[in-house]
Amino acid sequence: MNVFDIIGPVMIGPSSSHTAGAVRLGRIALKLLGERAVRAEIGLSGSFAETYRGHGTDKALVAGIMGLHSDDDRIRRSLELAEETGLSVTISETQIPGAHPNTARIALTGASGARMELQGSSVGGGNVLITSINGMAVSFTGQYNTILVRHLDKPGAIAAVTQFMAGSGVNIGNFRLSRERRGGEALMTIEVDGDVSDSLMSALRGLPPVQQAVLIRAM
């Protein structure tokens, strides 16, 4: 067990689950969007929906979407900052059957018109679990360096990526494939041991099967 699992993260706010974890969910959503967000549609389920005003969960999620960290004093003013910077925010209460009590759905629109949707939960101690990206089931925590590779589901795509990583000396700790349908868009979730360089990510993005590759660094 990591000592931070016991004492909790360095953070602003009253609750590691409702604030620190929420900031991390927002930051992961921003990373997956890949550009400045101009619109955020946030749906809160379970305990998040019932207590978000008191715990500042709405402020924490928006802070993360703007790229702030969990110990940033500006979290308290994130809703005002969003308005000042042109980020439109809509927050609603919803029910997601079978989901963890602290679950959010985040849909972001970027300055270029790009869109992404994420579903994730804050599972305690500032830790998170991402369960869906753009409607495809995933499962990663952000506790390991995680590479997300979007590609078409066709023969040789997985082999091209995994062989490249093996040749680059990167050890895969966990691998999962999600796809919309056979032959359609697919997503590799690859948790790796050790560091991942910018040059490796650049080379990975240049592989023929790869449409997008995003690195979520360990939190």
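Reply: Let us begin with the idea of pairing: two strands pair if DSSP finds at least two bridges between them. Please keep in mind that this is a predicted model.

Me: How many bridges join strand 7 and strand 10, and in which sense do the two strands pair?

Reply: Strand 7, residues 145-152, pairs with strand 10 in the antiparallel sense, and six bridges connect them. Within this pair, Ile147 stands opposite Leu215 of strand 10.

Me: Is strand 10 mostly covered or mostly open?

Reply: A residue counts as buried when its relative accessible area is under 20%. Strand 10 spans residues 210-216, and five of its seven residues are buried, so that the strand is mostly covered.

Me: In what order do the six strands of the open sheet lie?

Reply: The order is 2-1-3-4-5-6, with mixed pairing. Strand 2 (88-94) and strand 6 (136-140) stand at the edges; each has a single partner strand, so one side of each is left without a neighbour in the sheet. From one strand to the next, the twist averages 20°.

Me: How do strand 4 and strand 5 pair within that order?

Reply: Strand 4 (residues 115-124) and strand 5 (residues 127-133) pair in the antiparallel sense, over six bridges. Here Gly124 has Asn127, in strand 5, as its bridge partner.

Me: Which strands does helix 4 lie across?

Reply: Helix 4, residues 57-65, lies across strand 1 (37-46), strand 2 and strand 3 (102-110). The helix runs at about 145° to strand 1.

Me: Are helix 4 and helix 5 parallel or oblique to each other, and why?

Reply: Angles under 35 degrees count as roughly parallel, and 65 to 115 as roughly perpendicular. The axes of helix 4 and helix 5 (residues 78-85) cross at roughly 40° and come within 8 Å. The two helices are therefore oblique to each other.

Me: Which residues meet where helix 4 and helix 5 are in contact?

Reply: Asp58, Lys59, Val62 and Ala63 of helix 4 meet Ser78, Leu79 and Ala82 of helix 5. By class, the residues of this contact divide into four nonpolar, one polar and two charged.

Me: Where is Asp71 placed, and what does its accessibility make it count as?

Reply: Asp71 sits in the loop between helix 4 and helix 5. With 44% relative accessibility, Asp71 counts as partly exposed. The C-alpha atoms of Asp71 and Leu152 are separated by 39 Å, the two residues being 81 residues apart along the chain.

Methods
Residues numbered from 1 in each chain as written. Predicted model: local features only at pLDDT ≥ 70, side-chain atom pairs only at ≥ 80, totals over all residues. Heavy atoms only, no water. Buried < 20%, exposed > 50% of the residue type's maximum accessible area, 1.4 Å probe, protein only. Helix = DSSP H or I, 4+ residues; strand = E, 2+ residues; numbered from the N terminus. Axes fitted to C-alpha atoms, helices over the stretch in contact; angles between N-to-C directions. Contact = heavy atoms within 4.5 Å. Parallel < 35°, antiparallel > 145°, perpendicular 65-115°, else oblique. Nonpolar A, V, L, I, M, F, W, Y, C, P; charged D, E, K, R; others polar.
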